[in-house]
Amino acid sequence: MEAVTITLNGVEVSGYAGTTILDLARESGVYIPTLCHDPNLASTGACRLCLVEDERNGALLASCVAAISPGMTINTNSPRVVEHRKRILELILASHPDSCLVCDKGNRCQLRKLAAEMGVGLIQLQKIPQNDVIEEVNPFIERDLSKCVMCGKCIRVDQELVVEGAIDYIHRGTMVRAATLNDMPLEKSECTFCGACVAICPTGAIMEKERVYTGTATNTVTTICPYCGCGCTICLGTKDNQIVEARPAVDSPVSRGALCVRGSYGYDFIHSPERLTQPLIKVDGEFQEATWEEALSRVAEGLGQIKKDHGADALAVFGSSKCTNEENYVLQRFARGVLGTNNIDNGSRLYSAASRTGLGASIGYAGTTGSLDALERSRVIMVIGANPEISAPAVAYAIKRAVRFKEAKLIVIDPRNTPLTQFASLWLRPGIGTDVALLNGLARVIIDEKRLDVEFVTRMTDNFTGWTKSLQNYTAGYVEDVTGIAKKDVQAAARLLAGAEEASIVYGNGITQHTSGTDAVVAIANLAMLTGNAGRRGGIFALQRENNAHGACDMGALPGFLPGYQSVDEAENRQRFEEHWGGSLPTAAGLSALEMMKAAGLGKVKGMLIMGENPVASFPQPALIRKALSSLDFLVVTDMFPTETVKLASVVLSAASFAEKEGTFTNFEGRVQRLHQAIEPVGESLPDLEILLRLAEVTGSKMPYDSHQDVMEEIEDMVPFYRHVAYADTDSMGLDWGDVEGSSPGTRRLHKGLFPSGFGRFSPVEYTSPQDVATDGYPLTLMAGSGRYHFGAGSRSSRSARLSKFSPAALLEISGADAAELGIGDGDAIKITSAQGELSTTTKVSNSLPRGLLFMPISYPDSPVYELFGTVLDPQAKGPALKTCAVRLERTDGNG
Amino acid sequence: MTAKKQDTPSGEQEQHKQETKRILNGFSRKRLSLIPILQKVQGKLGYLPREAMTEIAEYLDIPAIDVYGVVTFYNQFRLNPPGKHSIRVCLGTACHMKGGYITLDAWKRRLGINPRETTEDREFDLDTVACVGCCTMAPVTVVDDKPEGGVEPTRVDGILLAFGYDTVTKDKDKSENK
């Protein structure tokens with residue numbers, strides 16, 4: 001690109017053609033005041049405060065939109081410029097209320113900051129107040145448009161970053177204001193309460209609800225959101241050792257200045273009155289408060305006794321996909337090195353085990369192959385079995401931006417009408433559990449029409465011929481019969497996917513939580529390799545439900561793998577760790593999560609250590625799990641809250657929340673990101689890492705770590721693909737794997753199409769008719785999934801006051817057709833019965849479901865939907881089928 | 001002066017949707033057809049109900065709020081159904097001097113609605129107009145395209161009475177309903 005040279009305040013500076021004066025000035029360290037400008041949004045030049053003067057002709061230019069041109073002589077601070085800026089500011093302030101003394105925006109108000117900078121105090125213009133009603137019905141956002149300065153940032157962030165389209169300007173002239181469709185309150189609009197507008201509003205017009213007028217945060221700490229697998233960077237505002245606000249980090253590569261409702265408003269669980277603040281020991285069925293010394297020696301004794309009496313394999317350890325990498329690493333070292341068992345697993349078994357197994361077998365790497373940037377650059381995006389709008393909002397934002405602003409084409413494959421379908425060029429609605437047939441069918445069309453990426457397939461993959469043979473049966477006609485998708489749509493999707501320069505496939509729990517989950521993941525990987533999109537360009541994006549699902553597995557909180565997916569079966573791998581840790585490690589692979597519970601029920605496992613998980617709520621068949629855990633001789637649980645599982649424990653160790661500790665999380669992209677402690681642990685609770693290290697010391701096997709840094713350094717040594725993650729580097733949010741891949745031997749990412757083993761492998765997978773759909777006697781299929789306002793097992797989100805207030809109960813969604821047939825209306829009380837159990841709830845008629853399909857959100861402790869699910873496992877990945885099951889409905893309100 | 005949106009009965013909503021869909025078929029899906037579409041839909045339905053706006057947004061693949069933004073920008077678009085009789089109160093210079101805004105207040109009070117709204121029984125809709133060219137008759141109210149001169153508050157009652165619209169019983173009904 002051509003360089004353009006201009007004179008800026010008397011100094012010659014150059015920039016690329018097309019750069020705005022503002023950007024060039026900022027690069028050169030020259031300050032220009034702005035109000036409506038934001039680096040993540042397109043500039044509109046609305047506020048005119050960034051005026052500068054071109055001294056050649058005296059023109060006043062809005063520097064945020066005026067591009068540099070050769071010979072410009074810009075003065076950013078000429079007397080004329082200053083006079084105009086002051087006058088503009090006075091005009092803005094003339095319709096702004098004088099409520100600064102009580103306005104919670106305080107020193108973060110950009111208007112106030114600008115006024116102070118320019119010395120604008122007394123407004124000599126006639127005040128024209130723009131009176132408006134304060135909108136405050138919802139528990140998240142309070143809008144007081146009398147303070148609005150019409151910069152349009154809220155509208156632009158809503159439309160450009162989050163791409164929701166909930167608000168826009170209405171009316172014109174002096175009547176203009178930001179409003180929703182038909183000027184409804186936010187809760188009756190499309191608004192998802194992501195809070196992006198609150199974070200970006202330069203004045204107090206849009207504020208966080210239920211904390212206004214409590215004073216301003218005195219300190220801000222940048223850390224990582226503890227909810228979904230996206231791993232958005234959040235800035236926690238603290239005051240008096242309390243978290244008082246959460247804001248998106250503008251320069252985060254994941255979230256780019258927008259969070260979701262959970263990230264923005266779900267943090268208040270930290271100060272929930274239910275927090276466990278002290279260790280508890282159960283004496284005669286009652287919990288008694290204890291000191292850490294008492295509790296830990298009780299734990300050491302309890303676990304030690306079982307090991308002595310029944311052997312190490314009578315113990316099991318359950319790690320957490322919500323805890324840090326360091327904690328999971330130390331936990332598995334504790335399990336293997338101190339307790340001496342490989343019975344260790346983590347919570348991600350419940351939703352992403354199929355992903356790990358399937359991708360591991362195909363591309364040799366158990367995770368997402370590209371970054372969010374790569375996803376947003378894609379020309380075609382296929383979303384299958386995922387509703388990222390709910391389960392991974394930052395991914396949904398990227399997809400929607402790609403479609404709306406970068407002309408990407410979107411294929412949505414989902415039986416439900418998800419928020420993404422309105423952005424889709426093609427929406428396929430397959431029958432439940434028929435994904436493998438559809439994916440094979442797509443592959444067959446691509447091969448038949450010779451649209452495959454021949455070069456990639458020949459150079460980078462093997463077993464292509466063998467796999468092709470297995471596709472014989474999957475003609476478009478057969479696929480239409482099985483999935484219910486018309487031939488022409490299958491062909492159109494295949495052509496779209498194969499025709500794109502860069503294509504990405506995004507999948508989630510709708511794929512992995514079926515019994516055929518692993519097969520479907522393999523089929524996805526096959527399709528990606530066939531079109532040359534496995535990492536070189538585009539990629540496979542495996543969504544993770546929880547913040548550190550990726551990390552917990554990387555760290556070896558798995559029964560069959562040491563850290564870094566080094567199989568425990570191989571002596572060579574064990575030896576490396578034995579040398580490092582001393583002692584010898586158990587040889588045989590241990591029990592996976594559900595096998596542990598089963599073994600506990602059978603009395604084979606007698607003691608268990610559970611870190612930050614709530615199996616009674618998150619596993620299928622809660623009643624059985626409860627029974628299994630109750631039958632243990634000794635159960636230790638570390639948690640923040642008295643969850644259903646905690647109540648069964650012999651000893652409870654009170655753990656600190658994400659805001660109270662240091663460490664790293666690995667998000668679904670594989671990005672390792674650093675946490676920063678914002679406040680001191682609540683009460684006497686301790687970070688899990690500290691608990692584990694103290695526990696190891698009490699058991700007489702002190703580990704040589706003084707801090708999380710020490711642990712991370714060892715991880716860098718022992719886990720090949722964490723080697724280049726120098727601990728300091730994880731701080732810089734700009735670090736992308738692309739920057740370092742060239743220099744490191746164990747390339748973690750598959751950019752440029754490099755497979756860890758050299759080749760990707762095509763594996764044949766066959767469609768088998770699904771077991772988890774409607775059958776005789778149970779004519780409807782129930783689907784369980786995440787809801788927008790709650791998360792996981794609900795341990796944290798149900799203790800967030802605002803989230804619970806807005807979405808207090810789980811409702812069963814039923815299609816209009818089924819509702820009419822069964823004579824069910826909105827809000828009717830009904831009983832759901834499956835072969836496994838029953839559940840009472842109320843209904844909500846929804847037009848997003850096809851006939852025969854019901855939807856029920858998980859994460860509501862009062863409506864444990866997993867009561868209805870069986871414990872059928874994916875035979876390869878050993879994850880339970882928790883997506884769908886067959887049910888029937890009955891009305892229970894008497895008049896039906 | 002935000003026009004309050006009134007709810008439309010659901011049967012009518014369905015009909016509006018169908019009508020809108022029929023009209024949309026004739027247009028390209030480019031964003032620039034938005035205003036011609038809005039004009040044609042309003043020509044057919046008499047106003048732009050919410051369901052019509054969402055249909056149009058879906059057809060053009062733009063957020064519904066964008067349609068709403070355009071509809072509220074131009075005076076020619078209405079968000080409320082037209083009443084059987086239209087009342088337009090002149091607020092031009094002469095009428096203003098002669099107390100047109102007092103007349104407007106009288107209309108508002110009598111009909112119980114704001115400008116750009118329609119009475120619940122859809123008998124009357126109320127709007128303002130800036131000069132209709134008969135300033136000698138100020139203050140003027142245009143009733144069903146006929147300019148009435150000297151419309152002071154008492155005349156408002158007279159005009160309503162002539163339509164057989166008994167504001168007293170109306171008011172009474174209202175208070176009973178509450």
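Author: Happy to, and keep in mind that this is a predicted model. Let's start with a pair of side chains: B:Asp61 and A:Arg404 form a salt bridge, their closest N and O atoms being 3.9 Å apart.

Reader: What makes the pair B:Asp61 and A:Arg404 a salt bridge?

Author: The rule asks for a side-chain nitrogen of Lys or Arg within 4 Å of a carboxyl oxygen of Asp or Glu. Here Arg meets Asp and the closest N and O atoms are 3.9 Å apart, so the pair passes.

Reader: Now the helices. Why are α2(B) and α4(B) called roughly perpendicular?

Author: Helix α2 of chain B covers residues 34–45 and helix α4 of chain B covers residues 64–73; their axes cross at roughly 70° and come within 11 Å. Angles from 65 to 115 degrees count as roughly perpendicular, and therefore these two helices get that label.

Reader: Which residues meet there, and what makes their contact nonpolar, polar or charged?

Author: From α2(B) you have B:Leu34, B:Ile35 and B:Leu38, which meet B:Val67, B:Val70 and B:Val71 of α4(B). Leu, Ile and Val count as nonpolar, so the tally for this contact is six nonpolar residues, no polar ones and no charged ones.

Reader: On to chain A. What makes β2 and β4 of chain A edge strands?

Author: Look at the order of this open sheet of five strands: β2-β1-β5-β3-β4 in chain A, with mixed pairing. β2 (11–16) and β4 (59–62) each have a single partner strand, so one side of each is left without a neighbour in the sheet. From one strand to the next, the twist averages 40°.

Reader: How do you know that β1 and β2 of chain A are paired?

Author: Two strands pair if there are at least two bridges between them. Strand β1 (residues 3–8) of chain A has six bridges to β2(A), so the pair clears that cut-off, and the two run antiparallel. In this pair, A:Ala3 stands opposite A:Tyr16 in β2(A).

Reader: And what makes the other sheet a barrel?

Author: Its six strands close up, in the order β31-β35-β32-β34-β33-β36 of chain A, again with mixed pairing. Neighbouring strands there are turned by 45° against each other on average, direction ignored. One of the pairs is β31 (residues 780–785) with β35 (residues 853–857), which run parallel and are joined by five bridges. In β35(A), A:Met856 stands opposite A:Ala784.

Reader: Last one: what is the peptide bond from B:Ala138 to B:Pro139, cis or trans?

Author: It is cis, with omega near -5°. B:Pro139 sits in the loop between β3 (124–129) and β4 (141–143) of chain B.

Note on methods. Residues are numbered from 1 along each chain as its sequence is written. Chains are lettered from A and ligands numbered from 1 in the order in which they are written. This is a predicted model: local features need pLDDT of at least 70, side-chain atom pairs count only at pLDDT 80 or more; totals for chains, interfaces and linings use all residues. Side-chain values use heavy atoms; hydrogens and water are left out. Axes are lines fitted to C-alpha atoms, for helices over the stretch in contact, and angles run from 0 to 180 degrees between N-to-C directions. Helices (H or I, at least four residues) and strands (E, at least two) are DSSP runs, numbered from the N terminus. Angles under 35 degrees count as roughly parallel, over 145 as roughly antiparallel, 65 to 115 as roughly perpendicular and the rest as oblique. Contact means heavy atoms within 4.5 Å.
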